[in-house]
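Please open the model in your viewer and keep the selection panel at hand.

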Amino acid sequence: MKIIMPILLYAANALEPVISEETVNLHYGKHLQGYVNNLITLVKDTEFQNMTVEEIVVSAPEGPVYNNAGQILNHALYFSQFQSPRQNNMPEGRIAEAINASFGSFEEFKNQFTQAATTVFGSGWAWLSQDSDGKLVITKEANGGNPLRQGLNPLYGLDVWEHAYYLDYQNRRADHISASWDIVNWQAVEQRLR
């Protein structure tokens, strides 16, 4: 993707009560827009100017360019993987098969992913990714880190920076993680499989 503001595919209130309209407006409209604006300014007249966000994430050294590109990519994936809340929201098809093959069951995957997301120290992300052999793995990334940098294909990422949940859950990160399972659009996640 080029350095542009990703389009929000649903109304700002579509994820309620899991994520409030106020949080979406702040998270998408202010935080993500800030990363986009910053990166456009940072790459102007540099070797990164004509690269995609993915190329920048893979090649930029640690620092402001990498951090802003990582957050744009992370948030583009994040906001495009949700739908209105559904009870008993379960993956089906290829993504369900891949989860079962890699973790034994959806419940075991949820347990391991929840543990990873809960234990990210400070600000960061928990990711479900696919390795070069097609196996699914769970990783934790600090700040704006993205699994793409380690040669993984990111499938599903949960933002555990406080701006993603604090208005709705205050310091109860675990409650935010638990509620988020109701809004995962598993078809969107499946489309990211290689």
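The stops below go from a strand and its partners to aromatic rings and then to charged side chains.

This is a predicted model, in which local features need pLDDT of at least 70 and side-chain atom pairs count only at pLDDT 80 or more, while totals for chains, interfaces and linings use all residues. Residues are numbered from 1 along each chain as its sequence is written, and side-chain values use heavy atoms, with hydrogens and water left out.

**Strand S1 and its partners**

Select strand S1, residues 124-130; here helices (H or I, at least four residues) and strands (E, at least two) are DSSP runs, numbered from the N terminus. Seven of the seven residues of S1 are buried, where buried means under 20% relative accessible area, exposed over 50% and partly exposed in between, with a 1.4 Å probe and protein chains only. Gly124, Ala126, Leu128 and Gln130 point one way from the strand, whereas Trp125, Trp127 and Ser129 point the other way.

Ala126 has Lys140 as its bridge partner in S2. The two strands form a hairpin with five residues between them, and Gly134 in the turn has a positive phi of about 90 degrees.

Now step back to Ser123, in the loop between helix H5 (106-118) and S1. Ser123 counts as partly exposed because its relative accessibility is 25%. Leaving aside neighbours within four places in sequence, Ser123 is in contact (heavy atoms within 4.5 Å) with Ala142, Asn143 and Trp161.

**Aromatic rings**

Show the side chains of Phe, Tyr and Trp, whose rings (the six-membered one for Trp) pair if their centres lie within 6.5 Å, with planes under 30 degrees apart counted as stacked, over 60 as edge-to-face and the rest as tilted. By this rule the count comes to 17 aromatic pairs. Tyr78 and Phe79 have ring centres 5.0 Å apart and planes at 85 degrees, so this pair is edge-to-face, and both residues are buried. The rings of Tyr78 and Trp125 also form an edge-to-face pair, because their planes lie at 85 degrees, with centres 5.7 Å apart. This pair links distant parts of the chain, with Tyr78 in helix H3 (residues 64-79) and Trp125 in S1, 47 residues apart.

For the next selection, take Phe103, Phe106, Phe109, Phe113, Tyr156, Trp181 and Trp186, which form one aromatic cluster.

**Charged side chains**

Select Arg149 and Tyr66: the charged end of Arg149 sits over the ring of Tyr66, 3.9 Å from its centre, the criterion being NZ of Lys or CZ of Arg within 6 Å of the ring centre and within 35 degrees of the ring normal.

Finish with the two salt bridges of the structure, each defined as a side-chain nitrogen of Lys or Arg within 4 Å of a carboxyl oxygen of Asp or Glu. In one, Glu107 and Lys110 have their closest N and O atoms 4.0 Å apart; being three residues apart in helix H5, they are separated by about one helical turn. In the other, Arg172 and Asp175 have their closest N and O atoms 2.9 Å apart. Arg172 counts as partly exposed at 36% relative accessibility, and Asp175 is partly exposed with a relative accessible area of 39%.

Conventions: Two strands pair if DSSP finds at least two bridges between them.
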